Amino acid sequence: MLRSLGSGAISAAHVANWLKEAVGLSRPLKTLRVLLSPTAIERDKLPEWAINCGSPIRDNFAQEAQQWRIDCTDDRNSVAFFYYIGHGFARGRGEYNVLLAMEDLFDTPDVLQKTTLASNLFNGMAPQSENDSVAREQFFFFDCCRTFPSEIREFDDLSVPTALMVRIAEGVPDDRLYLRCFAVPDNDSAFARVGEDSYFATGLIDSLNRSGISVDGTAWKLDGESISQRLRARYQLAAERAVVSEVVGGGPTLKILAQPPTVDVEVGLEPTVDATNHAIALNHAVLGRKIGDQIALGKYKIDVSPGEYELNIRFGAEDWHATNDPHDRKLILPNFANPWISMGWK
């Protein structure tokens, strides 16, 4: 029997809520299709709009997936976003064999009839003909385990029903820009916390809020590449798991940013025994000085926008002044939302 995860519904609702409330999406939000099966603990924490969403049983999922694809065929220049959290298993090796389990697949002789392959969702969203106007910018996030349970090993027939129709499209190029992410590699388990967002969902929402890349030095955008870079680092740091991501064509664009995202900078003063009454700051010629938050003795964290900064140190009640080492006076943060930058000064 499959146990309730206790975090799937709240994680999906929070990701959906980000889309619902996002300002500056590269394309206006047309539809938002959400299926949830919350536990009692999760229900009290869901956004009000998510309380009465449909249940993600296999038939409902297939129906919504098919309608979602229809929604995405109005304009080839539109954007499609898919997020799944729940039980996941492997039918074999590789991402094309990841099973998404909508119901308890072990309570019936037809074990795999209540699942969908991740590859079916991905391949079903590819252009199926020369005239197919399906969205050419797509995001796929699979927040689930990829283990191979013994119950599946006992069955000779590992066929899985499709959710989306996939036609043989000979000569039709797959010209999508896409980001495809799995929470874990083959034969690994994803982690979650009861009544809270999963580790992957936490990293994803953080990446949606704080990723970005400079466009021609004049504007910023949230795209597949910047999301992938920050998500890989954040998730690995929190869950000690490796995100498997694939970005094609530079990745799709999800949002146009009104301002650049901040970069996380950690600065350490050594030896720490002498750093008790010290403080550090990064000073920008235009943006001014931002003082670091002390997170440990002699260790500080500062969130600043990309640019060129001068490191300032204050010893006790003294005035701010730049570090004495001329080689370490400048810190240049690139025009990309790096997960973090750690540097140390003696």
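Student: Is Trp68 buried or exposed?
Tutor: Good place to start, and keep in mind that this is a predicted model. The relative accessible area of Trp68 is 10%. Buried means under 20%, so Trp68 counts as buried.

Student: Which residue forms an aromatic pair with Trp68 at 5.7 Å centre to centre?
Tutor: The structure holds 12 aromatic pairs. In this one, the planes are 40° apart, which makes the pair tilted. The partner, buried with a relative accessible area of 9%, is Phe82.

Student: How many residues apart are Phe81 and Phe139?
Tutor: These two rings also form a tilted pair, 5.9 Å centre to centre with 35° between the planes. Phe81 is buried, and so is Phe139. Phe81 lies in strand β1 and Phe139 in strand β5 (residues 137–143), so the pair links distant parts of the chain, 58 residues apart.

Student: Over which ring does the charged end of Arg180 sit?
Tutor: Look at the cluster of linked ring pairs that includes Trp68, Phe82 and Phe122. The charged end of Arg176 sits 4.2 Å from the centre of the Phe122 ring. For Arg180 the distance is 4.0 Å, again over the ring of Phe122.

Student: Why is one side of β7 and of β10 left without a neighbour in the sheet?
Tutor: The open sheet has three antiparallel strands in the order β7-β8-β10. Four bridges join β8 (residues 219–223) to β10, where Asp223 stands opposite Thr253. β7 and β10 stand at the edges, so each has a single partner strand.

Terms used
Residues are numbered from 1 along each chain as its sequence is written. This is a predicted model: local features need pLDDT of at least 70, side-chain atom pairs count only at pLDDT 80 or more; totals for chains, interfaces and linings use all residues. Side-chain values use heavy atoms; hydrogens and water are left out. Two strands pair if DSSP finds at least two bridges between them. Helices (H or I, at least four residues) and strands (E, at least two) are DSSP runs, numbered from the N terminus. Rings of Phe, Tyr and Trp (its six-membered ring) pair if their centres lie within 6.5 Å; planes under 30 degrees apart count as stacked, over 60 as edge-to-face and the rest as tilted. Buried means under 20% relative accessible area, exposed over 50%, partly exposed in between (1.4 Å probe, protein chains only). A charge sits over a ring if NZ of Lys or CZ of Arg is within 6 Å of the ring centre and within 35 degrees of the ring normal.
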